[in-house]
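Good morning, and thank you for coming. Please look at the sequence and the structure on the screen while I describe them.

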Amino acid sequence: MKKRILAALLCTAVTVTLLAGCGGTTSESTKDKKGEGAAENYKVGYATKTLSGGYFVKLNEGLEASCKDLGWEFVSMNADRDADTERANLEAMVSQGCDLIFLNCVDPDSAVANVQYCVDNGVPVIAVDGGCSEDADLITTVYSDNKQNGRMVGLAYAEYMKDKDIKALMISGTKGDVAGYERRMGLFCGIIEGKAGIDEEDAWEAADVIEQALIDTGKASNKEADFYILGQGWSGWSEDGGLQAAEDLITANPDITTILGENDDMVIGAGVAVSNAKLENVDLVAAADGAQRAYDLIKEGKYFATGENSPILVGQLAMDIAKQVLVDGKTKKDFETVTMTSALAVTKDNVEERYDYGF
């Protein structure tokens, strides 16, 4: 009996030794990478559509710094706004052994297949800043709250202009852009809600009426809020575009109180047009962005407000979700389809404390 027990023990020992010899390296590597206390060994990729612009640069830098703080390896690849390059970048990240990929996609529709490729190869994807089409198999999409940022700015401006008419020009990005639509709708909602004294739900409905009037006639108004949009210009999200769009609109509508815009670059450009036309007491109001150039102007009293669209906060929130996925084992079922940073209007009252979150 003792001999049979001893033989069995020896057989077990030999089996364990053989298993360790055949697969010990893989097993140990997996333990180091996925086991307790070893989260710092994860490898994370960031596939960005562009690094042209301060926001995109700072988002990239923030994700890299956060990975470095955790001891994670970070790989960044720039598609330079080319969908084919984005696909090649994602394939490279998968082949290089990335455990998770952040994606700021070039095109929402083509990104669906790209995301599926990653997921099929066991690599979860978190979209940041720009969303993919709804069929994309993402953990979640992380960005700032465009609609509520616009609303917060609109409410602040409504309070400032509560006893005055608002005669505005609307400087927009590109037709059909979802972020631009959400931002200007937020502005409309907040201004009408604050000036007319109605509830938020009714204000969103009134904002829809404004938007449709702009589509139909290029002008819009809400008399209960003493709010008038005298014209809308499309400026391609750029400062030069904002300047040109505002110049054309100012020529036809010199009696304005306000420039409303969907990002800081366009509003800053429109501000140059206002200055060139020697108009006075025209407020510059952006639904969202958070460019430090705008913050500097807010400090100087030359710019009313902008919504906080911080690449730092977006990156921090995305990294927190990545940790929950990689370290805690959470899946897409544990997150909302969209995860947003908190909305905030940056004005002269809080610009100092929010400055470092800008770009």
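I begin with the largest pocket, which holds about 1300 Å³ of space. A pocket, found on a 1 Å grid over the protein atoms alone, is an open set of points where a 1.4 Å probe fits, with protein on both sides within 12 Å along at least five of seven lines, and its lining residues have an atom within 4 Å of a point. Grid points are joined across faces, edges and corners, and a volume is the space filled by probe spheres set on the points.

Before I continue, a word on the source. This is a predicted model, in which local features need pLDDT of at least 70 and side-chain atom pairs count only at pLDDT 80 or more, while totals for chains, interfaces and linings use all residues. Residues are numbered from 1 along each chain as its sequence is written, and side-chain values use heavy atoms, with hydrogens and water left out.

Which residues lie nearest the centre of the largest pocket? They are Lys49, Asp129, Gly130, Gly131 and Ala179, from a lining of 45 residues. That lining divides into 18 nonpolar, 15 polar and twelve charged residues. Here Ala, Val, Leu, Ile, Met, Phe, Trp, Tyr, Cys and Pro count as nonpolar, Asp, Glu, Lys and Arg as charged, and the others, Gly among them, as polar. At least two lining residues come from each of α2 (54-70), β5 and α6 (178-196). The largest share, four residues, belongs to α6. These labels are DSSP runs numbered from the N terminus: helices are H or I with at least four residues, and strands are E with at least two.

Two strands pair if DSSP finds at least two bridges between them. Between β4 (residues 125-128) and β5 (residues 141-144) there are two bridges, and Ala127 stands opposite Thr141. On pairing with β12 (residues 338-341), β5 has four bridges, and Ser144 faces Thr341 across them. Further along the sheet, β1 (residues 43-48) and β3 (residues 100-104) share five bridges, with Ala47 opposite Leu103.

The next sheet is also open, with five strands in the order β7-β8-β6-β9-β10 and mixed pairing. Three bridges connect β7 with β8 (residues 227-234) in the antiparallel sense, and Asn222 has Phe227 as its bridge partner.

Two helices belong to this picture. Helix α7 (residues 200-217) packs on the sheet, touching β7 and β8, and its direction makes about 155° with that of β7. Helix α5 (residues 146-160) lies across β6 (166-172), β9 (258-261) and β10, running at about 155° to β10. Contact here means heavy atoms within 4.5 Å.

Of its 14 lining residues, Tyr160, Gly301, Tyr303, Phe304 and Lys348 lie nearest the centre. Both α5 and β10 give two or more residues to this lining, and α5 has the largest share, with three. Seven lining residues are nonpolar, two polar and five charged.

I close with aromatic pairs, which are rings of Phe, Tyr and Trp (its six-membered ring) with centres within 6.5 Å; planes under 30 degrees apart count as stacked, over 60 as edge-to-face and the rest as tilted. The count comes to eight. The rings of Tyr160 and Phe304 have centres 5.1 Å apart and planes at 40°, so this pair is tilted. The pair links distant parts of the chain, 144 residues apart: Tyr160 is in α5, and Phe304 is in the loop between α10 (292-299) and β11 (306-307).

Note on methods. Axes fitted to C-alpha atoms, helices over the stretch in contact; angles between N-to-C directions.
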